[in-house]
Amino acid sequence: MSRVGRKPITVPGNVTVTNQDGHITVKGPKGELACRVEPRLEVKQENGIIALERPTNESYMRQQHGLARTLIDNLVIGVTEGFTKNLTLVGVGYRATLDGKNLVMSLGFSHPVIVEPRPGITFTIEPGDRTRPMSINVAGIDKQVVGQQAADIRRKRPPDSYKGKGVRYVGEVVKTKPGKRGVAGK
């Protein structure tokens, strides 16, 4: 059996989960999310625990078993806690501000970079100081949308491979190249 698919999903008391022929809908305090899973998978719900079982042991069904379990778990986490991705702005003069719901960034271009949030996404900004750079928090209930919005922001100015300047995820390690000066002495 799939190791991921075998794990049960604990559903809090304030969350309702409905299943109609592979269409899973989860309602919670933060909102409502839905996804489709393989209809041949059996979704059992009792006493606040969801368990998935597959009808056969073929490769495709094993893959769908683990995928469906993860998707349903992400829906439950999304409507109860939500998801957050954190980005930092590394570089002299790199700043971000909020203009209503829009994110306005100064990334070394001749113009400001404006990012409109996708539906269900909110931006917050934590100002930096001498010890840490400015950071942008992307929050929402749908894990896929939060990750895509953060990737779109990072794509506006990815980290430079020589100086390391740009927009990067918190904790991302950027390997810098030595440049011409570092190679000349060898």
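Modeller: Leaving aside neighbours within four places in sequence, Ser106 is in contact (heavy atoms within 4.5 Å) with Gly93, Tyr94 and Arg95. Arg95 is eleven residues away from Ser106 along the chain, yet their C-alpha atoms are separated by 5.1 Å. Ser106 is part of strand β9; strands (E, at least two residues) and helices (H or I, at least four) are DSSP runs, numbered from the N terminus. Ser106 counts as partly exposed because its relative accessible area is 36%, and the class is set by cut-offs: buried is under 20%, exposed over 50% and partly exposed in between, with a 1.4 Å probe and protein chains only.

A word on where this comes from. The model is predicted, with local features needing pLDDT of at least 70 and side-chain atom pairs pLDDT 80 or more, while totals for chains, interfaces and linings use all residues. Residues are numbered from 1 along each chain as its sequence is written, and side-chain values use heavy atoms, with hydrogens and water left out. The predictor's confidence in each residue, pLDDT, runs from 0 to 100. For the protein chain its mean is 92, and 96% of the residues reach 70 or more. Confidence is highest in α3, at 97, and lowest in helix α4 (residues 179-184), at a mean of 70.

Strand β9 also leads us inside. A nonpolar core is a set of buried Ala, Val, Leu, Ile, Met, Phe, Trp, Tyr and Cys residues joined through side-chain atoms within 4.5 Å. The largest one has 19 residues, and Leu89, Leu103, Met105, Val138 and Ile153 touch the most other members. Two or more residues come from each of β7 (83-90), β9 (102-106), β10 (113-115), β12 (134-140) and α3 (143-156). Not counting residues up to four places away in sequence, Ile153 touches Leu87, Leu103, Met105, Val115, Phe123, Val138 and Val167. Apart from this core lies another, of 18 residues, including Val15, Val37, Leu41 and Val76.

Now follow strand β7. Strands count as paired if DSSP finds at least two bridges between them. β7 pairs with β12 in the antiparallel sense over seven bridges, and with strand β13 (residues 166-169), also antiparallel, over four bridges. Leu89 faces Met134 in β12 and Val167 in β13. Beyond its neighbours within four places in sequence, Thr88 is in contact with Pro133, Met134, Ser135, Gly166, Val167, Arg168 and Val170.

Elsewhere, Gly78 lies in helix α2 (residues 59-80). Gly78 is buried, because its relative accessible area is 0%. Residues up to four places away in sequence aside, Gly78 touches Lys30, Phe83 and Ile141.

Finally, look at two charges over rings, meaning that NZ of Lys or CZ of Arg is within 6 Å of the ring centre and within 35 degrees of the ring normal. The charged end of Arg157 sits over the ring of Phe109, 4.4 Å from its centre. Lys85 lies over the face of Tyr169, at 5.3 Å from the ring centre.
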